[in-house]
Amino acid sequence: MLGDLTERDRAILALETAWPRHGGAKEEVIRAQLGMSAARYYQLLGRLIESEAALEYDPMLVGRLRRLRDSRALRRSKRSPGFVG
C-alpha cells in the first residue's frame, strides 16, 4: 500500500525520478538532500525497489530500476569465472 512508504522512501524515489535533471555529482545531491551517504542510499534503494508499495507508488520508475539492476547482475555473472552461457 502507498501508506507503507515513509517520507524518506518517497524522497529516495523522487531523487531517482529527478536525477537526470540535476547537475553535479549524484553523491553530493544524495548527501545534501537526504543527509545520508551514497552507500546507505543505494542500500535503501535496493530494498525499496523490491517492495510492492514502491511498485504501486511509481510502477514505471520501479520497473526501470529493477530492469537496470537485473541487467547489471547478468553482466556481472557473465564476467564471473565458471559462467556457462
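Leu44 is in contact (heavy atoms within 4.5 Å) with Arg8, Ile12 and Met36, leaving aside its neighbours within four places in sequence. The model is predicted: local features need pLDDT of at least 70, side-chain atom pairs count only at pLDDT 80 or more, and totals for chains, interfaces and linings use all residues. Residues are numbered from 1 along each chain as its sequence is written, and side-chain values use heavy atoms, with hydrogens and water left out.

Between Leu44 and Arg8 lie 36 residues in sequence and 9.6 Å in space, C-alpha to C-alpha. Leu44 has a relative accessible area of 10% and is therefore buried (under 20%, with a 1.4 Å probe and protein chains only).

Two residues and their helices (DSSP runs of H or I, at least four residues, numbered from the N terminus) are listed here.

| Residue | Helix | Helix residues |
|---|---|---|
| Leu44 | H3 | residues 38-48 |
| Asp9 | H1 | residues 7-18 |

Asp9 is buried but has no salt bridge, and Arg8, the nearest side chain of opposite charge, is 4.6 Å away. A salt bridge needs a side-chain nitrogen of Lys or Arg within 4 Å of a carboxyl oxygen of Asp or Glu. Beyond its neighbours within four places in sequence, Asp9 is in contact with Asp4 and Leu48.

Helix H2 (residues 26-34) packs against H3 at an angle of about 80 degrees, with the axes 9 Å apart. Axes are lines fitted to C-alpha atoms over the stretch in contact, and angles run from 0 to 180 degrees between N-to-C directions. H2 is therefore roughly perpendicular to H3 (65 to 115 degrees). In this pairing, Lys26, Glu27, Ile30 and Leu34 of H2 meet Ala38, Tyr41 and Tyr42 of H3.

Note on methods. Buried means under 20% relative accessible area, exposed over 50%, partly exposed in between (1.4 Å probe, protein chains only). Angles under 35 degrees count as roughly parallel, over 145 as roughly antiparallel, 65 to 115 as roughly perpendicular and the rest as oblique. Lys and Arg count as positive and Asp and Glu as negative; His and the chain ends are not counted.
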